[in-house]
Amino acid sequence: MPSVLLTGGTGYIGSHTCVELMAAGWTPILLDNLCNSSASVLDRIEAITGRKPAFVRADLRDAAAIDRAFTEFPVCIFTRSTIQEHDNREEMLG
Ligand SMILES: NC(=O)c1ccc[n+]([C@@H]2O[C@H](COP(=O)([O-])OP(=O)(O)OC[C@H]3O[C@@H](n4cnc5c(N)ncnc54)[C@H](O)[C@@H]3O)[C@@H](O)[C@H]2O)c1
């Protein structure tokens, strides 16, 4: 199955989405700056699924970091799940 980049991936919706995607055979890559979550979520996902997903600590507003993530991982689907303060596209992209 192809990879999926889950932004806000260690957050509430991102982590639950990750577990469901893994159960369905997908390979999620979690991207998060951990401003409102913890990397310990990765251990909890591993406890549930038996596999620890790939994790990129990066801020969505950091274009170079996002470029690196796309270069490192063969991602085909991009989802967005970040906190409400960043729901405004202009603000998110700086
Ligand atoms: N939880 C709900 O019931 C619910 C319901 C409807 C809509 N939503 C919306 O879904 C989105 C996610 O909700 P959630 O409950 O998972 O929130 P959450 O705070 O648990 O998860 C958001 C994640 O995004 C990360 N993040 C924030 N800004 C970032 C940035 N600039 N770069 C990288 N990572 C960043 C945070 O560290 C966090 O892990 C929000 O927009 C929320 O408004 C949530």
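Predicted model: local features only at pLDDT ≥ 70, side-chain atom pairs only at ≥ 80, totals over all residues.
User: What makes up the fold, in order along the sequence?

Analyst: The pattern reads β-α-β-α-β-α-β-α, with 4 helices and 4 strands in the protein chain. Those are DSSP runs numbered from the N terminus: helices are H or I with at least four residues, strands are E with at least two.

User: Why is Asp32 called buried?

Analyst: A residue is buried if 20 or more other C-beta atoms lie within 10 Å of its own, exposed if 12 or fewer, and partly exposed in between, with C-beta atoms placed from the backbone. Asp32 has 27 such atoms within 10 Å, so it is buried. Asp32 lies in strand E2. Across the protein chain, 26% of the 94 residues count as buried.

User: And what does Asp32 touch?

Analyst: Contact is when two C-beta atoms, placed from the backbone, lie within 7 Å. Leaving out residues up to four places away in sequence, Asp32 touches Gly8, Gly9, Thr10, Gly11, Gly14, Ser37 and Arg57. On C-alpha atoms, Asp32 and Asp59 are separated by 6.5 Å, though 27 residues apart along the chain.

User: Is Val56 buried or partly exposed, and why?

Analyst: Val56 has 18 C-beta neighbours inside 10 Å, so it counts as partly exposed. Val56 sits in strand E3 (residues 54-57). Not counting residues up to four places away in sequence, Val56 touches Ile29, Leu31 and Ala69.

User: How do you know that E2 pairs with E3?

Analyst: Strands pair if DSSP finds at least two bridges between them. E2 (residues 27-32) and E3 are joined by 4 bridges, so they pair, and they run parallel.

User: What makes the β-α-β units right-handed?

Analyst: Point the strands away from you: if the path from the first strand over the helix to the second runs clockwise, the crossover is right-handed. E1, H1 and E2 make one such unit, and E2, helix H2 (residues 40-49) and E3 make another.

User: What makes a set of residues a nonpolar core, and which is the largest here?

Analyst: A nonpolar core is a set of buried Ala, Val, Leu, Ile, Met, Phe, Trp, Tyr and Cys residues joined through C-beta atoms within 7 Å. The largest has 11 residues: Val4, Leu5, Leu6, Cys18, Leu21, Met22, Ile29, Leu30, Leu31, Val41 and Ile45. E1 is mostly covered, with 4 of its 5 residues buried. As for Ile45, its contacts include Cys18 and Val19.

User: What makes Leu34 stand out?

Analyst: Leu34 has a positive phi of about 65° although it is not a glycine. Most residues other than glycine have a negative phi. Leu34 is in the loop between E2 and H2. With 14 other C-beta atoms within 10 Å, Leu34 is partly exposed.

Notes:
Residues numbered from 1 in each chain as written.
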